[in-house]
Amino acid sequence: MSDLTLEELDTDGAIQEDIADLYGDSRADFLRKAAVGGSVLVTALMAPPVLAGKTSKSNDVRIFQYALNFEYLQ
């Protein structure tokens, strides 16, 4: 009697997808999200402070582009 592996049984990945939905993210996904979040935090802390009332339209566009890129990463 040979032992079957999950990869042999689940050729289309449906079982693994359901397991991921049931248990949430894997450790690798958690660490990846933690690394991205940490880099965002470090970047935010290192960014020069914006003077109150002196924001420019180009800065607003850059902020929205950054937020959009961050959303794509998630």
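Q: Leaving aside its neighbours within four places in sequence, which residues is Asp-10 in contact with?
A: In this predicted model, we can start at the loop between helix 1 and helix 2, where Asp-10 has its place. Its side chain reaches the backbone nitrogen of Ile-15 at 3.0 Å. Once neighbours within four places in sequence are set aside, the contacts of Asp-10 are Ile-15 and Gln-16.

Q: How far from Asp-10 is the nearest side chain of opposite charge?
A: Asp-10 is buried, yet it has no salt bridge. A salt bridge calls for a side-chain nitrogen of Lys or Arg within 4 Å of a carboxyl oxygen. For Asp-10, the nearest side chain of opposite charge is that of Arg-32, at a distance of 18 Å.

Q: Which residue forms a salt bridge with Arg-32?
A: A search of the whole structure turns up one salt bridge. The closest N and O atoms of the pair are 2.7 Å apart. Both partners sit in helix 3 (residues 27-46), three residues apart, so about one helical turn separates them. The partner of Arg-32 is Asp-29.

Q: Is Asp-29 buried, partly exposed or exposed?
A: Buried residues have under 20% relative accessible area and exposed ones over 50%, with partly exposed in between. The relative accessible area of Asp-29 is 28%, so Asp-29 is partly exposed.

Q: How many residues of helix 2 are buried?
A: Helix 2 has ten residues, running over residues 14-23. Gly-24, whose phi is positive, near 90°, follows this helix. Helix 2 lies largely in the open, because its number of buried residues is zero.

Q: What pattern does the protein follow along the sequence?
A: The secondary structure comes to four helices. Read along the sequence, the pattern is α-α-α-α.

Terms used
Residues are numbered from 1 along each chain as its sequence is written. This is a predicted model: local features need pLDDT of at least 70, side-chain atom pairs count only at pLDDT 80 or more; totals for chains, interfaces and linings use all residues. Side-chain values use heavy atoms; hydrogens and water are left out. Buried means under 20% relative accessible area, exposed over 50%, partly exposed in between (1.4 Å probe, protein chains only). Helices (H or I, at least four residues) and strands (E, at least two) are DSSP runs, numbered from the N terminus. Lys and Arg count as positive and Asp and Glu as negative; His and the chain ends are not counted. A polar contact is a pair of N or O atoms within 3.5 Å; within protein, one must be able to donate a hydrogen and the other to accept it, and residues adjacent in sequence count only if both atoms are side-chain atoms. Contact means heavy atoms within 4.5 Å.
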